[in-house]
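Here's a quick briefing to read alongside the model. Have a look at the fold, then go through the points below.

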Amino acid sequence: MGVTGPPGPVMDRDEVDRALARLGAEHEAIETSLLALQDHAGRRLLEGAGLTGVTKERWASTEASITLLWAYFDAYSDALRSARDIRSRRRWSSREDLAELTELLRGESVTVAGSATATANAPTLAGSGKLSESFSLSTLVDRMNDLYAASLDLVVAADAVWSALPARIDLLAAELQRTRQLAHSVGVRPGEHPAGDDLERITHTLTSLREQVISDPLAFWVPAQGSSAPGGGRPDTTVYDREARALEDVRREIDAVLTVRQDAEQRLMRLRDVLSRADRTLAEARTARGEVLAKIAATEVPVVGGPPTVLQEQVAAASEYRRHGQWHRLSPLLESLERKAEDELLRARESLTAVTAPLAVRAELRGRLDAYKAKVARHGLAEDPFLIERYDAARRMLWSAPCDLRVAEQAVLRYQQAAAELLAAPRVPEQGGPQDHRGEQRP
């Protein structure tokens, strides 16, 4: 070192003391960080885990980096110790001491043996086959910072995945087990119900997911975009979230089956009641159709169908499911039957309405005829011969069987028109003397 001379101007005592203080602080910080990394729970887990995949590859490289870190730190410590020894020789360092210190503190005075870099696989060094390599203290600090950041990033990422996913998977697996037991109690089993098949698939997926997370945590790590901080990112929970949603869907299905088990009898009773009302309505429609055909002429009356036998068969099947506790089969069947029964009742009511429409028309015409008769009577025209003739004609048509609605409607219209004309015409007093305001003849 004496031959080449110090790099740049020789440092004075104050510069040397300030540099030693700064390097000492850096030494303490680096030592604290390395010890923290050495004791990090994630690093200890990585050392003892049976790793696979990308985690196995990256941890092998990181272990080499950590070994190299300690080699660098030891060399850095030796260099700092040598510098402190030289400075402590005299209170006022000689120029030769200052030149030696300048070379040590600023020059490439720190030598790391090639065997250390080779053993560590030296991921950041080129030419690891060299017998040794020299660095300045500042360069060595930069190298240690880079290696430390990369090593800590991997350790923190693996630890974050292990801290988040296995515990959540275990909780979901426990919930899955409870759901499986509940499903089994209501007859939801693999091969017999889709929800049972889903539970089997979720079980296999969670078991496989946990094994993969434990052996290859870095495969489930998503680095944060643009983040340079160690451990910047988040665990990838895509598979876990998907299975959690699937289990929630199965739980809702099981809840529906449980609800069916609790109120199946009441629902079956309501179902039979709705179908019974539909049958009675259809029977009423058939009776009404015969009445319409007998009482109304020249009218097309729709045919009334009978009750569907398929629904009755399905109701019988639902009762069998309930009797044998096959709730998983009863649940969808009841929901389907309830919709169909309401549709059947609506169809029966519409059929009755369509069949009795001619009778409703006749009733409306009868009501209209009587209403006009009452109106005519209030105006003192009840004894008018012309109106009596028109009224009797319309009444005979409406109260005869079979009734031709078209002809009867025309007769009612003729009576209405005649009544309207008489009501609108001025009243002429009868001959035989003056009358008072009540139409009575005065003496």
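**Helices side by side**

The axes of helix H12 (residues 385-398) and helix H13 (residues 405-424) come within 9 Å of each other and cross at roughly 160°. That makes H12 roughly antiparallel to H13 (angles over 145 degrees count as roughly antiparallel). Keep in mind that this is a predicted model, where local features need pLDDT of at least 70, side-chain atom pairs count only at pLDDT 80 or more, and totals for chains, interfaces and linings use all residues. Residues are numbered from 1 along each chain as its sequence is written, and side-chain values use heavy atoms, with hydrogens and water left out.

**H12 with H13**

- H12 passes H13 in a left-handed crossing (the near helix is turned anticlockwise from the far one by less than a right angle).
- On the H12 side, the contact (heavy atoms within 4.5 Å) includes Phe386, Leu387, Tyr391 and Met397.
- On the H13 side, look for Val407, Val412, Tyr415 and Leu422, among others.
- Sorted by class, the residues of this contact are 14 nonpolar, no polar and two charged (Ala, Val, Leu, Ile, Met, Phe, Trp, Tyr, Cys and Pro count as nonpolar, Asp, Glu, Lys and Arg as charged, and the others, Gly among them, as polar).

**H7 with H8**

- H7 packs against helix H8 (residues 238-295) at about 155°, with the axes 10 Å apart.
- These two helices are therefore roughly antiparallel to each other, and their crossing is left-handed.
- Among the residues that meet here are Asp198, Arg201 and Thr205 in H7, and Arg242, Glu243 and Glu253 in H8.
- This contact has ten nonpolar, one polar and five charged residues.

**Aromatic pairs**

- The structure holds two aromatic pairs (ring centres within 6.5 Å).
- In one of them, tryptophan 70 and phenylalanine 73 have ring centres 5.9 Å apart and planes at 90°, so the pair is edge-to-face (planes over 60 degrees apart).
- Both residues sit in helix H3 (residues 53-87), three residues apart, which is about one turn of the helix.

- The protein chain averages a pLDDT (the predictor's confidence in each residue, from 0 to 100) of 81, and 88% of the residues score at least 70.
- Where pLDDT is low, the predicted coordinates should not be read in detail.

Definitions and conventions: Axes are lines fitted to C-alpha atoms, for helices over the stretch in contact, and angles run from 0 to 180 degrees between N-to-C directions. Helices (H or I, at least four residues) and strands (E, at least two) are DSSP runs, numbered from the N terminus. Angles under 35 degrees count as roughly parallel, over 145 as roughly antiparallel, 65 to 115 as roughly perpendicular and the rest as oblique. Rings of Phe, Tyr and Trp (its six-membered ring) pair if their centres lie within 6.5 Å; planes under 30 degrees apart count as stacked, over 60 as edge-to-face and the rest as tilted.
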